[in-house]
Amino acid sequence: MIYSENILICIAIPLLIAIIFTKRSTRRFITSFILGMIICLISAYFSGFIKFVTGTSMDDTAVLYSPIVEEILKMLPILFYIVVFQQKDDKIFIVAVGIGLGFATFENCCYILSSGASDIAYVLIRGMAVGIMHLVCALLLVLGLSLARYFRVLAIPAGIGALAIPTVFHGLYNLLVSKPGVSSYLGYTIPILTAVILYIPYRKVMNEEREELIDYRRTK
Amino acid sequence: MDVMTLITNLIQMVVLGFGIYKAVRHMKGKGGSIVLIFFVYAIICYFLCDLYTIATEAIMPNTRIPFGVDAVAEMGECLLMASLLNAIFRENEERLFLETVFSIIYSLAMTALWIAWSGEWTKDILGGFYFGYFIYTVVISLKKSHALSRKLRILLGVLAFAIIAAHSLVFFVPEDYEELVNNLAYVLMFIGIVWLITAAIVYLVKAIRGDSRDEAKKAVAIGFFALIWTMNTLYMSDGVMYYVADFTCSLSLLIIVYDVITLEEKKPKVLVERRARRS
């Protein structure tokens, strides 16, 4: 047994102090990172409750229900940030990345503390797969929510629809890695592949924006 | 793992993959619009749903899932498709009382049938909500587009309720007549499929050949009606008929891919040029 709450306090305290000494986007990132860790803990409570209510095994709960709980809980603060603060897309992306990474970091910490970190190959796979998977899910979610925001007519169905893609992606990953063998190797590669696919258009957009900025400065 | 399930899902994934490719290619060349981006998002959701179904069949066959990731995936694809239709037809103002009443009563009857068949209350009630919303959106889009005359729309409504009535009768008639009534329901469902898919193809060809954006909108409305009819038939079928319905669902998805691309191509030239410059 591990004391998840104590681990959270231990990791969060230096980050909380760091918030005082940082500004703007760094502060935003650190805050959302801590929030991601808290969400991870809360979703573990919820998943435990669902396991108790439905009477399913630990593995089945992780495969069938945890993705839904985790993605809904990750969506709530992002949705709050979008609706209440009305921020621009780049700021929302920072918050989403922070929440995704905070979630993945805390989950990995708890997992490694409970099952050991002696096998470096396994630790690498865990970091590359789960870490990236939560990041990709957060990015997919924020992409969908941004779309729903711009699409003002009936944004609620569009927002719920946007939640579905990261949930299925997460569920697919959990399902594939639940059984050892070929399916688990497939599961481990899916997040990295998706991250690469998402990175290519993102990089293109960033390059275009940089070129536009350089042109603008030249004309000035 | 059931081979036929694998084949039909793979066919659907190929169609959806083709749809994603076509839409992304169109966005690269002529710039993206909110309709096209939503379309890509909706078919990615559909694609992931199929992938998840195949993975579940392979890894956890015969596992009862009262409400899981698969239900969320289906909810996502229905709501995203409905949002897409709302985006296309939001400018058309119409009185929609009869259509709203039809959608509500039909969704309630359909949900009751699902519960009677499967016994999964949570999944079916929630499914009734989002599928009902999708039905509502498709029905009002059909009205707003003026693709079919009032008489034909009423005829379609009557056919839809006749199918529900035939399926419900199976629970009440003596055992000797069960198969007969069941077959009657299948005949009605597949008459609807043949009618709507033929109409969808005809309207698509008209939209591609013509210059009018309204023609393209009509094609989209008929295409989505064909899709929802095939999806509904799929949920109400069993055995071989299930796979046939699944195949027709893939066919209507392919028609929709072309419908949406054609609609984007019929955009006013000023808008297209502005988007291309921006992209």
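Predicted model: local features only at pLDDT ≥ 70, side-chain atom pairs only at ≥ 80, totals over all residues.
**View 1. Residues around the second largest cavity.** The lining is made up of Y106(B), A160(B), I163(B), M189(B), W229(B), N232(B), T233(B) and M236(B), and the space that they line has a volume of about 40 Å³. The model holds two cavities of 30 Å³ or more.

**View 2. Helices that contribute to the second largest cavity.** Two helices of chain B, α6 (150-169) and α8, each provide at least two residues of this lining, and α8(B) gives the largest share, with three residues.

**View 3. The centre of the second largest pocket.** This pocket contains about 1600 Å³ of space and has a lining of 44 residues, among which D70(B), E74(B), K123(B), Y235(B) and Y242(B) lie nearest its centre.

View 4. At least two lining residues come from each of the following helices of chain B: α1 (3-30), α2 (34-59), α3 (69-89), α4 (97-118), α5 (121-145), α7 (175-209), α8 (213-235) and α9 (240-265). Of the elements that line this pocket, α2(B) supplies the largest share, amounting to seven residues. Helix α8 of chain B, which is listed for the pocket, also supplies at least two residues of the lining of the second largest cavity.

Methods:
Residues numbered from 1 in each chain as written. Chains lettered and ligands numbered in written order. Heavy atoms only, no water. 1 Å grid on protein atoms, 1.4 Å probe; cavity = no way out; pocket = protein on both sides within 12 Å on 5 of 7 lines; lining within 4 Å. Points joined across faces, edges and corners; volume = space filled by probe spheres on them. Helix = DSSP H or I, 4+ residues; strand = E, 2+ residues; numbered from the N terminus.
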